[in-house]
Amino acid sequence: MDRDPKATPRKINHIGIAVRDLEAAIALWQGGLGLTVQQVVEMPERGLKIAFLPCGEATIELVAPLGEGSEISKFLDERGPGLHHLCLEVQDLEAASQAAEDQGLRLIGAGPKLGAEGYPVRFVHPKSTGGPLVELLGKIE
Ligand code: CO
């Protein structure tokens, strides 16, 4: 059966990189690699500070902990800085989540959360994807 186009990823929205030191990471990605920081957002409720560096249609997001017990702390402690997740953009998040579950993939959490980009997101468990944490982002256009 063909997948509903609304449940089909249409682009990589962003790639999340876990970092300990946001200023040092910005210096690397901006000065070293030539991207430009568009904005830096603090999300105290999730314990995150995120720098957004657009690259074509996608964005590199540098995700740093904002204090102790942040959402990214466990990852940094266990695996160190590096690639954290990639985000696929879909038109219909609910349909995409359902399609993934129908295919046997395990989604994290009971329902969508609001992502740093201001759109609803869901995460597919890395054990379901052979390694990478995959974020699905619903954006109606
Ligand atoms: Co993300």
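A residue is called buried when its relative accessible area is under 20%, exposed when that area is over 50%, and partly exposed in between, with a 1.4 Å probe and protein chains only. Keep this in mind during the tour, and note that the model is predicted, that local features need pLDDT of at least 70, that side-chain atom pairs count only at pLDDT 80 or more, and that totals for chains, interfaces and linings use all residues. Residues are numbered from 1 along each chain as its sequence is written, and side-chain values use heavy atoms, with hydrogens and water left out.

**Stop 1: the whole chain**

Begin by showing the protein chain as a cartoon, where you can look for four helices and eight strands, these being DSSP runs (H or I of at least four residues for helices, E of at least two for strands) numbered from the N terminus. Followed from the N terminus, the elements come in the order β-α-β-β-β-α-β-α-β-β-α-β. The radius of gyration of the protein chain is 15 Å, close to the 14 Å that the globule rule gives for 141 residues, so the chain is as compact as a globular protein of that length; the radius is taken over C-alpha atoms, and the rule is 2.2 Å times the number of residues to the power 0.38. Of the 141 residues, 40% are buried.

**Stop 2: helix 1**

Next, select residues 22-32, which form helix 1, and display the side chains of Leu 22, Ala 25, Ile 26 and Trp 29, which are buried. Seen down the axis of helix 1, these buried residues fall within an arc of 100 degrees, so they line one face of the helix, the arc being that of the directions from the helix axis to the C-beta atoms. On the other side of helix 1 you will find Glu 23, Gly 31 and Gly 32, which are exposed.

What do the buried residues of helix 1 pack against? Their partners are strand 1 (11-18), strand 2 (39-43), strand 3 (48-55) and strand 4 (58-65).

**Stop 3: Thr 59**

Thr 59 is buried, with a relative accessible area of 17%. Leaving aside neighbours within four places in sequence, Thr 59 has contacts (heavy atoms within 4.5 Å) that include Asn 13, His 14 and Phe 52.

**Stop 4: Arg 20**

Finally, select Arg 20, in the loop between strand 1 and helix 1. Not counting residues up to four places away in sequence, Arg 20 touches Ala 64, Pro 65, Leu 76, Asp 77, Gly 80 and Pro 81.
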